Each structure stands twice: as C-alpha cells, then as structure tokens.
There are 2 protein chains.
Amino acid sequence: MNFKLSLPTEIIFGEGTTNEVAKYTKKFSDNILLVIGKKSAKETGLFDKVTKLLNYENIKYEVLEGIKANPTVDLVRIGIEIIRQKNIDFILAVGGGSVIDTAKAIACGVFYEGDVWDFFVRKAVIKKALPIGVVLTLAAAGSEMNGNAVVSNTETKQKLAISSHLLYPKFSILDPINTLTVPLEHTLYGVVDILSHVFEQYFDKTPQEESILQDRFAESIIKTVIEIAPKLKDDLSNVSYRATIMWCSTMALNGIIGCGKIHDWSSHQIEHAISAVYDNISHGLGLAIVFPAWMRYVIDEIPYKFYNFAKNIWGIKKESIVETALEGIGFLEKFYKDLGIPTKLSEVGITHKDFDIIASKAVEFGAIGSVKKLNKEDVLKILTLCS
Amino acid sequence: MNFKLSLPTEIIFGEGTTNEVAKYTKKFSDNILLVIGKKSAKETGLFDKVTKLLNYENIKYEVLEGIKANPTVDLVRIGIEIIRQKNIDFILAVGGGSVIDTAKAIACGVFYEGDVWDFFVRKAVIKKALPIGVVLTLAAAGSEMNGNAVVSNTETKQKLAISSHLLYPKFSILDPINTLTVPLEHTLYGVVDILSHVFEQYFDKTPQEESILQDRFAESIIKTVIEIAPKLKDDLSNVSYRATIMWCSTMALNGIIGCGKIHDWSSHQIEHAISAVYDNISHGLGLAIVFPAWMRYVIDEIPYKFYNFAKNIWGIKKESIVETALEGIGFLEKFYKDLGIPTKLSEVGITHKDFDIIASKAVEFGAIGSVKKLNKEDVLKILTLCS
C-alpha cells in the first residue's frame, strides 16, 4: 500500500538530556508557555530544574499547570488566552501524553478565531500551529513523536482526537531519569497503552504480504515490552528498563510500524467513550479491559493475524489456526493479570447500567473500526464480553 | 546509550508515486539540476517521464548525466560548475545510491570555495548545502533517507564518505515500479548492501541490554530480506517483492536500527578500499566477500551477538555459543552462494598481489573498526580469510 512518512521531530534521547532543554527551546523562542501536570513535575524537582535552565538562558515563561489524565478542553482554552495576551510563540510541554496533547491543542487553537473544540468535532480544520517542544515524563502515549492529541470535554462528556502534521513537536527530550518516579500503577498503564498502540496497527486488514517489515517491527516492540515490563515492575528505579520502555512507547506510535497499513482504532474509541463517562478510569486501564474482548469479537475477520501474534510472540502452536489465535489472546490477558492489571469492567466498578451511554458515545460519529465495522450493537456485545 | 535522531526526509512510497515528482520539486524551486546515471534512466523511459512532468510544471532543468557505480568526484565538480553558472538552487537525483551521493556532494560543494574533495579528506567541514530531492531506482544504498555520501577519486584511488545532517534529502519518492528493470546481478548486490548495512549496526560492542529494540528491528530487516530475496530472484518483476526490499533498504540505514549503538563500519571501509583499486567491483559484491571473513575474524570479541544472529535468524542451536555463532556465519555465506553471489576474492580475480595496496588504503586514516581495532596486519589477515 502507498504511504507518506515524515518524522520531523528531533529526538534527544538518554540519561541527562533534560539539561539540553533550554538550548533547544532557545532555537525557537525566548517567550514561551510552559505546560505541566497536576503535581508531579513540581514534586520531583523537574519543574525547578527546567525553569532554572530557562532562566539561565533568559527565556521568559508563563506557566499553565494542573493538566490531569484525560486532559480537558477548558485548560486548553486558558492556555490559548495566556498566549494571546503575552505574545507567546512557543509551547514547552513538560509531562506525559496529557500535557503534550494539551500543548498541541493550544498550539493550533491559538490561530483559530472560533472555539478550539471545533477541531475535535470536525467543524474546523487545522491550518497553522505554534511550534512545541517536549520533555517527556511518562512512557505511554507516544505523543512525543506524532501529530495526534486527545482531549476531553466535560460538558459534552466527549473524548476526541485531532491529528495534523503541524502538531509534531519540533523536539522531544526523552530522558529516562524523568520517568523513574512514575508509580507502579501508571507505569503499568503506560505499558498497556504502548501495546495497544501496536495492536491497533498490527491487527488490521492489510494483506500480510504487504506489510511484512512493519509487522515484524510491531512484533519487535511487543516482544520487548513483554520481556521488560515484568522486570520493570520489580525494579521501578532501573534506568535501563525505563529507557527501553520509553523508546518502545515512542516507536509504537510515530508512524514506522503503521505506514502503508489500514489500522483499526475502534478499541481506542470504545475506551475513550468509557473514560469520557468514568473520568477516573486511566486510558491504559480501559484499554487492558477492552482490547482482549475486541480481539475475540473480531477474530474471524483476520484469524491469521491473531495466529501470527500467538505464534511469533508467545510461541503457541495448536492444532488449528483459530485455536492458536484464541490462546494467544488468552496469554495476553494472563500477561496483564500477572502484572496486576484489571481486565474486566466489573473489577473497576463499571456495570451494565452504563453500557448504553458508553456504546452510544463510541459510535456518535457513526460506525467505528476497519477490521469489522462496529455499530452500537457490536460495541454493546464487546462491553458484555469484558463485563 | 544516549542518542539524537531526526528523520527530516519526507518519504513518498508506493506504486505510481513518481507522478508526484514535479509537485514536490516545485515546493523548492523551478530551476534545478537533474542528476542521472549512465543509461538506465533514459532506457527505461523514467528520464522522459520525469522531464515531461517537470516541463508540465514549468520547472527548468539542466542535466548532469553519466554517474556510474562508485561515483567519481570529477562529475561532482562538473555539477557544481553548472549550478554556479545557472543559478540553480535545487538538485533532483533520479537514480540509485551513486546518483544520490553525487547530488549530495554537489549540494555541499556549491557553497565551498575550495575543492569539494576537501570534505572527504577532512580538510573542510560541511556548513551549508542545497536542498535535494530523490526518485529512487535501486534498493541498496539507503542514501534516500540519510545524510551520507560515498564518492571515489580516481586520481588518488580513494573512496571516501561524508556525512552531514544538511545532506538529508528533502523528499524521496520510493516507487517500486522504478526498480522493476534492475537486472538480477544488481538486484542481488543491492540485497547484500542492505544486509551489510544492518550488520554494521547490529554486530557492535553496545551491551545487548542497551539496544534490545534496535536489535530486534535489525533482525526484522534481516529476516525479511532473507525471506524475500530468493523469491525476488525468481520473479524480478514482482512489484510486491520489489516494494518490500525497497522499504528494507531505506529502513536499514536511516538511523532507526542504529540509534544509541556504536556501529562498526570496518567491513565497509575494507570494501571501499577494494573497489577503489578494482573499480569494476560492485560495492555489494565486495561486501558479500569481505563480511563473512570479518565476522570470523572478530567473533571472539562479541560471540553472543553472533550467537543471537545464528539463533534468531537461522534458528541454529548447537552445543556451544561459538559453535552456534560460527554456523550462523556459514549459513549467511551459503545464502549468498545460493543466490549466485561470489564470496571469495579469487572468484572475482583479485589476488594476493594487491592485498598490500588494499590494506594500506583501508587504514590510510589510521586503524579502523570498533568491535576490534584493525590495523594493516589485521586487514591483510581478513583479506587472506576471503581469498
């Protein structure tokens, strides 16, 4: 299949690279918006470190803080306002996917006269954006090397995505030291997020002979995450494990494993609907629950891809293709369970009474998915499968 | 290990993408230098096609033609002269690695007052370069998505490399249709070149736990090439096989599998010395001969990497690590032989009498290699091993 690929983000990877943040920022501006999360950047000392470096290079900054998981559009609007008032022309995101995605939404919203949410509901198209830079603190979203952003709207209870080549960060500093303080739970949800990104590109309807290399790369990421995650769970302050998972997160969603492929993002969309309704559900947690159910629901559409997954990742070889494929999905579920991650909606307190609203949200712009077109009925069945 | 990675080249991949060449060129200039090879672009009709498209977009072009394998600096100098006379500000390379590398050397030479060869012998540093674009016709060099160029000097009998971030093509059109006419011999030498690029990054002294993902990516490319090359040999006009090998060639040398790794390019340097002396020896052919000998010579330095190669690529598992590793190298040699590629110097008419001059050239700037530092004595032993 034909494709276009361009990865304009400059990656600065490794221990201690945070020290380069002001040098890279200075290339773009000396009057910036610094976007950070709720607490961790201040608690870990990273905020102090970054601002000291900025001060040292005489870079002025305004701070937008308080971005939380499932970031909301109201803080995006505040960020846009600050930038307009202070004539700021660069955004530095110090955080994980939520912080980066907020920065991206601000970056394009600044140049748009209407409300930034218009981009998310497809009422407007992104035509221009401020440059942004990143200091990554969480290995999960992959937002550090792509043009995607996901933001929630608490009023409309929507969680939607935008995507534009203009939103690629100009640079991303990937210093594994900054992930050392991520607590166990969020480290593991990050792992699920990474794997899910790979699955969304790996399990699709592209004929397998058309994406041999991409699929081997995808399997490389899956194998590496599966090998390292349990070790990291037992040794959260191991820089080498942190670095490996961090690099997996970036490579999972920068286009390399998905180029020339069809993709299927329906599990992601179902999860977005879940965490739009239950905003205490982490994205990764929701994905760990939804994905195995989605896999079982669509297995007949692409049995050979699930067979490859079972064989190449888990070394399974049963009598039939479907038997092998099903066992592979079971292994994935067991992998999550062994890490201590819930894999059923009931384990996190989500019950049948909310299935209808979740399913309606998931398909609010029409049927989702490419492996199998999913309408509301289908989503309800998937929710029941993981209930 | 820390690293920086940025891949600014925009890839336009797939059947029929050649039609976009003028559109992409127009973004940069309407007064360009068109660099092509000796005959094939004209014989296959690609030259006509590209120039028609350029004419249609009113893009003026001067043609520099006659670039051959192991491109020489004299044509680079002529290209620089044309550009200066005609106020040209963009170079379009339609060809394989030789044509692209010539374009890169011209691109930086234009802005340098002295002779362009100064860059190659490290007398000068590249500070500025014209933008270049690529229509790739040969899957081999990987030059379409990196900042490297290798050029020969027939007077000094040197074959040397330059590398600069400024030399990344702005865009590269990878249309597998343009490789359908590559004859068997050069198709296979391309395959060797691709594998060799992977080996140079895979077989190095980086601790294996520091490059788990990169090495799995490398193995993905090796496996894919080994799977597809014999099929392609029997079906040279299969677009899908051509596309897969083409994408492997780009991914082998764009930085993805080598980031954070030490690399060892000594086999490449020995081969460059060989084809500087025997300019009828294709780069790929020389590499097929030198590489297995180099592997055997340095095996004790990194036995576990050769063991991984044997186990993960060929499925070999003998009693000892070294036994397994050695059999893996043997399998590689057999793979080349089965494709009909010579693996000994004697098969291509190179005899002991020239070993001294080759070895001297290989180490003319000092000892080479990182897995094991090779001086002239070592290179002579490697040449003897593949004699």
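Visitor: What makes strand β1 of chain A and β1(B) a pair?

Guide: Strands pair if DSSP finds at least two bridges between them. Strand β1 (residues 3–13) of chain A and β1(B) have seven bridges, in the antiparallel sense, so they count as a pair. In that pairing, A:Ile11 stands opposite B:Leu5. A word of caution: this is a predicted model, where local features need pLDDT of at least 70 and side-chain atom pairs pLDDT 80 or more, while totals for chains, interfaces and linings use all residues. Residues are numbered from 1 along each chain as its sequence is written, with chains lettered from A and ligands numbered from 1 in the order written.

Visitor: How do you know which residues of chain B are in contact with chain A?

Guide: Two residues are in contact if their C-beta atoms, placed from the backbone, lie within 7 Å. By that test, 32 residues of chain B are in contact with 32 residues of chain A. β1(B) gives the most to chain B's side, with ten residues.

Visitor: What makes a residue of chain A buried, and how many are?

Guide: A buried residue has 20 or more other C-beta atoms, placed from the backbone, within 10 Å of its own. Those that pass make up 58% of the 387 residues in chain A.

Note on methods: Helix = DSSP H or I, 4+ residues; strand = E, 2+ residues; numbered from the N terminus. Buried ≥ 20, exposed ≤ 12 C-beta atoms within 10 Å, placed from the backbone.
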